[in-house]
Amino acid sequence: MTPARRAASLNKEISSLMPPATVFGPAYFQKYYLSASTRVVTPGEMRARARLIAAILAQTGIPVRSIMDAGCGIGLLRKPFKEVLPRARYFGLEASDYLCARYGWTKGSVVDYSPRKPCDLVVCYDVLQYLDDREAARAVANLARLTRAALYISALTREDWRENCDRTRTDRAVHLRPGDWYRRRLKRNFRYLGFGVWLRKDVTAILCDLERTG
């Protein structure tokens, strides 16, 4: 298949996806986060992710005393961050009424949440693909207001859908955008450190020359 035909096939597949109609209640989280046969991520993977984020920030000399997990879900990162950043306060922000009632998270959306003061680290893991373009753009801009230093961000992109994700375990009711759509907006306020970690442009990081991404 030629590159043009592959692109056309992907666009057709993307356009066939239902617009987001996900109900973030018990059934959703049971399927994608709790059931071992259908979950999209394991606790072990989240532990590795927390260790990676903490190690990158430690290497660059960024202290972390507070963490906002924006769209925290069932809180899979809460315990891992407690292990690697024991002095950091963890704050869960969640739009799901069900999860806020069950876990005690703060109700709010990454699109427009305005805290009394920003956190040192904000995590936004697999949230933005559930927002349309306008809301996702607002959320990316708001992330710069939510963090005073660092951001870890992950979102399902068109490239991920084509090349990386296990489609049998991945929610199809999402907005798939190219990775560059996110990168262009993030670069307005952040510079990239690597592996999903971004740093505000007004924050100084200790980076050796060959550690820089560009």
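Axes are lines fitted to C-alpha atoms, for helices over the stretch in contact, and angles run from 0 to 180 degrees between N-to-C directions. Helices (H or I, at least four residues) and strands (E, at least two) are DSSP runs, numbered from the N terminus.

A word on the source. This is a predicted model, where local features need pLDDT of at least 70, side-chain atom pairs count only at pLDDT 80 or more, and totals for chains, interfaces and linings use all residues. Residues are numbered from 1 along each chain as its sequence is written, and side-chain values use heavy atoms, with hydrogens and water left out.

Now the helix pair. Take α6, residues 133-146, and α8, residues 179-186. Their axes come within 10 Å and cross at roughly 40 degrees. So α6 and α8 are oblique to each other. The crossing of α6 and α8 is right-handed, that is, the near helix is turned clockwise from the far one by less than a right angle.

Who makes the contact (heavy atoms within 4.5 Å)? From α6, D133, A136, A137 and V140; from α8, W181, R185 and L186. By class, that is 5 nonpolar, no polar and 2 charged residues. Ala, Val, Leu and Trp are among the nonpolar types, and Asp and Arg among the charged.

On to salt bridges, meaning a side-chain nitrogen of Lys or Arg within 4 Å of a carboxyl oxygen of Asp or Glu. The whole structure has 10.

D133 comes back here. R177 forms a salt bridge with D133, the closest N and O atoms being 2.7 Å apart. R177 sits in the loop between α7 (158-163) and α8, and D133 in helix α6, so the pair ties together parts 44 residues apart in sequence. Buried or exposed? Buried means under 20% relative accessible area, exposed over 50%, partly exposed in between, with a 1.4 Å probe and protein chains only. R177 is buried, at 3%. D133 is partly exposed, at 42%.

Next, D97 and K107. Their closest N and O atoms are 3.7 Å apart. D97 lies in helix α5 (residues 97-103) and K107 in strand β3 (residues 106-107), so this pair ties together parts 10 residues apart in sequence. D97 is exposed, at 58%. K107 is partly exposed, at 45%.

Last pair: D202 with R200, at 2.9 Å. D202 is exposed, at 55%. Finally, shared partners join R65, D120 and R148 into one salt-bridge network.

Definitions and conventions. Parallel < 35°, antiparallel > 145°, perpendicular 65-115°, else oblique. Contact = heavy atoms within 4.5 Å.
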